[in-house]
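Subject: The structure we talked about

Hi there,

Here is the structure I promised to pass on to you. Have a look at it first, and then read on for what turned up in it.

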Amino acid sequence: MESYTIKNLMFSYPQQERIVIDGVSLSVSKGEFVVLCGPSGCGKTTLLRQLKTVLAPHGNRKGNIFFEGKLLDELDQREQSSRIGFVMQSPENQIVTDKVWHELAFGLESLGYSTPAIRLRVAEMASFFGIQNWFYKNVSELSGGQKQLLNLASIMAMQPSVLILDEPTSQLDPIAAADFLSTVGKINRELGVTVILTEHRLEEAMPLADRVLVMDEGKIIADGMPKEVGQMLDRENHRMFYAMPVPMRVYAGVPNNLDCPVTVRDGRQWLDLFSKDHVINSEKINSHVALTSDISPSVEIKEAWFKYEKELPDVVKGASFAAYPGEILAILGGNGTGKTTTLSLLSGLNRPYRGKVMVHGKEISNIPDSEKFENMLGVLPQNPQSLFVKKTVELDLYEMLKGKKLSKDEQHKRVRRVSNLCGLTYSYCRNFNINSNTPDYFYRSILFKRQKILFYISSHYFRNYDSFCHDF
Ligand SMILES: Nc1ncnc2c1ncn2[C@@H]1O[C@H](COP(=O)(O)OP(=O)(O)OP(=O)(O)O)[C@@H](O)[C@H]1O
Ligand SMILES: [Mg+2]
């Protein structure tokens, strides 16, 4: 039995010539775990949203979608609500009540279930998802990971036969994300629910998948078991190959006829087999590029201490490090360990009560904002939306140049240069709230000003960042 059958689906957004879904035909069997991946903007979200009519965007659609053998358009909303579960990116936007227990019951209440039936399902879900300990909490007290788990549990309370997830872990830290994905794996294995997932954390998602679909420019360009898809992408030298799990990339790097590993465990076994017939040169790779003492750091933080209020505990405790020109320095840590706060010290937004922050050898508090943010530093916050001031990408790009003494021609050139570099030409005249490619877009506000130092706060958007740095 097929959960979905899609026949020659074409889709374009209103008043746009560009075809976003370009002749997609595929079927997903019941109980299958499918991972859909592809570069940003290739149409994954647009495709997934077609699979539940209330979420389908307006536009010109051709082709047919069947859900469990029936035309999706003919399936009533009530049935779709209970049988097709959809988890989106942001945990915040999906929660509708203020208490955990109420959120779990809400979907069932709106479908008109009896109180005893609701109680039973809610209790089952709370124990399946390990929610008992925070069952009576306010939703506002939950961490991002808990909120997303609550979304998932509330959807699962309706016992859907298909679960569709669109980058559900993008706002979670790595530990919460790994927990979340393993719960999705458990739902698929133990409850037999069909899962269709888009995910950029392929390292964790691929081992769960029965099948991987790779999308590019609106087309499905590879479809198969994870190990087959890795090999296909490698053969075609496709850029998505670099997003494949590390064991696959190592495997593809040396000629061999063994089975392609997907997980780290498979990778170890592969390495054992491979090393039987091959000598592995264990020469050490020098991973630390020594910086000569005559280069001075771009930014430096020395023994900095910071707390938000006098009576509150310290958040940054004697932090010291330096970043040198051309270097990419990553600050890693779990939720709430002070990463964003440290960046706020580096950008001068907050001041340490003890210690120093130096930018190009000058104490940051002595640099006027006009100088600091004009050519020196750029800060990209976690939520890209907070940078947008105008209605369309184009207007916003020109807004950035306001106040600069540049000719119309020069302004035009700069806007073109930046939009080409960031791959924004398609979204140029589009509204922000409708565009998926916000990360690409928001690079621009930094590029324009030609800053020397870029601070970038993210748990997830780092994915395109190294290529971006390279181009820049
Ligand atoms: N509401 C909309 N109106 C017009 N164009 C849109 C709209 N939503 C998305 N697009 C465009 O359609 C294309 C596909 O977008 P989509 O969101 O499906 O990509 P995606 O693969 O999900 O990307 P990401 O990995 O960034 O989430 C992009 O070029 C995007 O700019
Ligand atoms: Mg998307």
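In which sense do strand 3 and strand 9 pair, and over how many bridges? Strand 3 and strand 9 (residues 211-216) run in the parallel sense, and four bridges link them. Within this pairing, L36 has L213 of strand 9 as its bridge partner.

Before going further, please keep in mind that this is a predicted model. The chain has 472 residues, 33% of which count as buried. Its secondary structure consists of 16 helices and 16 strands. Looking at contacts with a separation of 6 or more, 66% are between residues 24 or more positions apart.

**Strand 3 and its surroundings**

Strand 3 has another partner as well: strand 8 (residues 194-198) pairs with strand 3 in the parallel sense, again over four bridges. In that pairing, F33 sits opposite V195 of strand 8.

Is strand 3 buried or exposed? Five of the five residues in strand 3 (residues 33-37) are buried, so the strand is largely enclosed by the rest of the structure. You can check this on each face in turn. On one side you will find F33, V35 and C37, on the other V34 and L36, and all of these are buried.

Two of these residues turn up again in the largest nonpolar core, which has 74 residues: V34 and V35 are among those with the most contacts inside it, along with A153, I164, I196 and V214. Apart from that core lies another one, of 15 residues, including A304, V316, V357 and V359. As background, nonpolar side chains in soluble globular proteins tend to be buried together.

Setting aside its neighbours within four places in sequence, V214 is in contact with C37, G38, I221, A222, V229, L233 and M240. C37 in that list is also one of the buried residues of strand 3.

Next, find the open sheet of four strands, whose order is 12-11-13-14 and whose pairing is antiparallel. At its edges are strand 12 (316-323) and strand 14, each of which pairs on one side only.

Strand 11 (residues 299-306) and strand 13 (residues 354-359) run antiparallel and are joined by five bridges. Here E300 is opposite M358 of strand 13. M358 also stands opposite E363 in strand 14. Strand 13 and strand 14 (residues 362-363) are paired in the antiparallel sense over two bridges, and V359 faces K362 across that pairing. These two strands form a hairpin with two residues between them, and H360 in the turn has a positive phi of about 45°.

What lies across this part of the sheet? Helix 11 (residues 339-346) lies across strand 11, strand 12 and strand 13, and runs at about 120° to strand 11.

Most residues other than glycine have a negative phi, which makes the next two worth a look. N8, in strand 1 (residues 2-12), has a positive phi near 45°. N8 has 11 other C-beta atoms within 10 Å and is therefore exposed, since 12 or fewer counts as exposed.

E217 is not a glycine either, and its phi is positive at about 45°. You will find E217 in the loop between strand 9 and strand 10 (219-224). With 14 other C-beta atoms within 10 Å, E217 is partly exposed.

**A pair of helices**

Last, how do helix 3 and helix 4 lie relative to each other? The axes of helix 3 (residues 100-110) and helix 4 (residues 115-128) come within 10 Å and cross at roughly 130°, and the two helices are therefore oblique to each other. Their crossing is right-handed. On the helix 3 side the contact is made by W101, L104, A105, L108 and E109, and on the helix 4 side by I118, R121, V122, M125 and A126.

Enjoy exploring, and write back with any questions!

Best wishes

Methods
Residues numbered from 1 in each chain as written. Chains lettered and ligands numbered in written order. Predicted model: local features only at pLDDT ≥ 70, side-chain atom pairs only at ≥ 80, totals over all residues. Buried ≥ 20, exposed ≤ 12 C-beta atoms within 10 Å, placed from the backbone. Pairing = 2+ DSSP bridges. Contact = placed C-beta atoms within 7 Å. Core = buried A, V, L, I, M, F, W, Y, C linked by C-beta atoms within 7 Å. Axes fitted to C-alpha atoms, helices over the stretch in contact; angles between N-to-C directions. Parallel < 35°, antiparallel > 145°, perpendicular 65-115°, else oblique. Left-handed = near helix turned anticlockwise from the far one by under 90°.
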